[in-house]
Amino acid sequence: MVFKFIAISLALMDVRVSLLDGQAIEGTLQQLNADSVVVAVDGTDQSLPVEDVVELKFPHPDKLEAEPLQMILRDASEIPITEATATSETVTAKSVVLGDLNVRRPAVRAIRLQPLKDEWQPQWTAFLERSNDKDLLIVAKRDGSGLDFLAGVVGSVGAEEVPFLLDGDEIPVPRSRVFGVVFAVSKEADTDRSVGLALQLTSGATLKARSVTLAGEQFEFETAWGQTLSLRSERLSGIDFSSGRLHYLSDLEPLSERYFGLDPPGREWGPLFEADLATRTGLSSQWRMSRDRFPNNGRPPLTLRNTVYRKGLCIFPKAAIEYALDGQYSRLTAIVGVDDDVAYNQQKGQPPTAVELRIEADGEEVFRRLVKAPEAPFPLDVPLAGVTTLTILVDFGDGESTCDYLDLADAKLIVDTSEK
């Protein structure tokens, strides 16, 4: 993948530059081109090779309110919108942040046509994760208790109604009844998640792009679907350059997931979960490794000491998660701690609860630490050059299972680009 960068002058724009080696440099961004990022630090310009840059972060004092509706693309872009219509070929939408949008329908995974209530988030996420061969028309239950769906064919999405083909009969569904549409997985679908850059909006949404420049107070960028759009600087919180340079663990399929009970020996909960202790499906699924979300309580984002992380793993003991690396990576990095959702649930007068983290590289232990809640998170940086198999082991650290939800936030494998 060849990235297209055009030199830009970014006067007086504060920035935090994260590098592949784990360093972070803060200053004023002066220039960005195909070869380097130039940052002024204490009056001195530092030139950083673009190939070493993971991310640019632009600090904003306030998070701007998100638009009420959303369009989700198959490349994982999340686009805030205020309205949307669709034909069999195109989804047309309007966005206060991005303007008028015209996207090929095969590139669109879903459109959400009503504001999302917090308690409906798990259901909506579950619909998005389905491998559906028919369109899903999502509606709110009349009693307000949740979401329901019909599987069929959505011919179009109009301003007043949504024509829906169900078992050969076309039903004109009032637009006001439709919470959202999850389109069928199409053979024409654009599933490339490695396109160029990822723009991180202050609303929390992420948008993939092929190139980006800055003209005055607006960023101009080419989207993954080929449209050129503009974005005001106060709407942008960061630019992610990591595609092709690193892989987030939460995006990779493990070689294996093994589980060894939900409590230390002698303190088991009894036979309730015996049928699925080794896999943690069924009743015990909330103790299975979770990607990018805390596994229960509405699946909130991973949070460590009030810092929210959009990527990472949450693992409950006792577990062993294996990944096939095949010698492709140089390091594993992450921020480690007990998730805020449980870290402060401590018994008064008792020692803080603890969970143990171990890392093995080709069967050899290379890291071990007892992680106490609610101690400050710490950075993990484990060399992996030439390693074939990575194993992450999470165990009970203090003979108890209380509060043992361990986050490996922002966990990523750095691609080894050295000559072998």
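User: Which order do the strands of the five-strand sheet follow?
Analyst: The order is S24-S29-S34-S31-S32, in an open sheet with antiparallel pairing. Strands here are DSSP runs of E with at least two residues, numbered from the N terminus, and two strands pair if DSSP finds at least two bridges between them.

User: And which strands stand at the edges?
Analyst: Those are S24 (256–259) and S32 (364–372). Each has a single partner strand, so one side of each is left without a neighbour in the sheet. On average, neighbouring strands of this sheet are turned by 15 degrees against each other, direction ignored; the axes behind that angle are lines fitted to C-alpha atoms, and angles between N-to-C directions run from 0 to 180 degrees.

User: Before I go on, what sort of model is this?
Analyst: This is a predicted model, where local features need pLDDT of at least 70 and side-chain atom pairs count only at pLDDT 80 or more, while totals for chains, interfaces and linings use all residues. Residues are numbered from 1 along each chain as its sequence is written, and side-chain values use heavy atoms, with hydrogens and water left out.

User: Thanks! How many bridges join S31 to S34?
Analyst: Seven, between residues 354–361 of S31 and residues 389–396 of S34, and the two strands run antiparallel. For an example to click on, isoleucine 359 has isoleucine 392 in S34 as its bridge partner.

User: Switching to charges: how many salt bridges turn up?
Analyst: The whole structure has 18 salt bridges, counting a side-chain nitrogen of Lys or Arg within 4 Å of a carboxyl oxygen of Asp or Glu. One of them joins lysine 318 to aspartate 395, with the closest N and O atoms 3.9 Å apart. Lysine 318 lies in the loop between S28 and S29 (319–324) and aspartate 395 in S34, so this pair ties together parts that are 77 residues apart in sequence.

User: Is aspartate 395 buried or exposed?
Analyst: Aspartate 395 is buried, at 15% relative accessibility. Lysine 318 is partly exposed at 31%. The cut-offs are under 20% relative accessible area for buried, over 50% for exposed and partly exposed in between, using a 1.4 Å probe and protein chains only.

User: What about lysine 311, which residue does its side chain meet in a salt bridge?
Analyst: Aspartate 292, at 3.2 Å from N to O. The partners are 19 residues apart, with lysine 311 in the loop between S27 (307–309) and S28 (312–315), and aspartate 292 in the loop between S25 (290–291) and S26 (302–304). Lysine 311 is buried at 11% relative accessibility, and aspartate 292 is buried too, at 18%.

User: Which residues are joined into one salt-bridge network?
Analyst: Glu356, Arg358, Glu360, Glu365 and Arg368, through salt bridges that share partners. Within that group, glutamate 365 and arginine 358 meet at 4.0 Å, N to O. Glutamate 365 is partly exposed at 37%, whereas arginine 358 is buried at 16%.

User: How many disulfides are there?
Analyst: Zero in the whole structure, where a disulfide would be a pair of cysteine sulfur atoms within 2.5 Å. As for the cysteines, cysteine 314 is buried at 1% and cysteine 403 is buried at 9%.

User: Last one: what do S7 and S8 form?
Analyst: A hairpin with four residues between the strands, and alanine 76 in the turn has a positive phi of about 80 degrees. S7 (residues 69–73) and S8 (residues 78–81) pair in the antiparallel sense over four bridges, and isoleucine 72 has glutamate 78 as its bridge partner in S8.
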